[in-house]
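Have the picture open as you read.

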Amino acid sequence: MSSRCALWARVSTDEQESGNQLTVLRAEAARRGLDVTAVYVLDGLSAWTGAHRGQLSQALDDARAGRYQVLLVWALDRLERGGIEPTLRVMRQFRERGVQLVSVQEPWTDASHPDGRAWRR
């Protein structure tokens, strides 16, 4: 049985397009054999202003409910723009809910499955 994952794509201006991130994230999910069960798309929502907080809260609630075990993001700054401490806090919140946060741009985030199993590569 494959693991379930969610995709997180965020762009902060109307000139940017989240579709580019989603294409890469869907390909990464397929490469890893993950079933996409949730997609969070935040177009035109700035993380600097906190406009993304509602969707982030929903993603954390869905993680707690067990909708997915992996959250794929293009880059960590798509989740949080407040610096290292707020980013680590968000990563910890997902981990506490049994979700591995994996960033395509930051491969060091891809340590292992929350229960110790290595993700399928």
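Contact here means heavy atoms within 4.5 Å. Helices (H or I, at least four residues) and strands (E, at least two) are DSSP runs, numbered from the N terminus. This is a predicted model, where local features need pLDDT of at least 70, side-chain atom pairs count only at pLDDT 80 or more, and totals for chains, interfaces and linings use all residues. Residues are numbered from 1 along each chain as its sequence is written, and side-chain values use heavy atoms, with hydrogens and water left out.

**Two helices**

Start with L56, A59, L60 and A63 in α2, which meet V90, Q93 and F94 in α3. Sort the residues of this contact and you get 6 nonpolar, 1 polar and no charged. In that sorting, Ala, Val, Leu, Ile, Met, Phe, Trp, Tyr, Cys and Pro count as nonpolar, Asp, Glu, Lys and Arg as charged, and the others, Gly among them, as polar.

How do the axes of helix α2 and helix α3 cross? The axes of α2 (residues 53-64) and α3 (residues 84-96) come within 9 Å and cross at roughly 25°. That makes α2 roughly parallel to α3 (angles under 35 degrees count as roughly parallel). Axes are lines fitted to C-alpha atoms, for helices over the stretch in contact, and angles run from 0 to 180 degrees between N-to-C directions.

**The aromatic rings**

A search of the whole structure finds 2 aromatic pairs. Rings of Phe, Tyr and Trp (its six-membered ring) pair if their centres lie within 6.5 Å; planes under 30 degrees apart count as stacked, over 60 as edge-to-face and the rest as tilted.

| Pair | Centre to centre | Angle between planes | Type |
|---|---|---|---|
| W8 and Y40 | 5.9 Å | 40° | tilted |
| Y40 and Y68 | 6.4 Å | 65° | edge-to-face |

W8 lies in strand β1 (residues 4-11) and Y40 in strand β2 (residues 35-43), so their pair ties together parts that are 32 residues apart in sequence. Y68 lies in the loop between α2 and β3 (70-73), so its pair with Y40 in strand β2 ties together parts that are 28 residues apart in sequence. Put together, W8, Y40 and Y68 form one aromatic cluster.

Methods
Angles under 35 degrees count as roughly parallel, over 145 as roughly antiparallel, 65 to 115 as roughly perpendicular and the rest as oblique.
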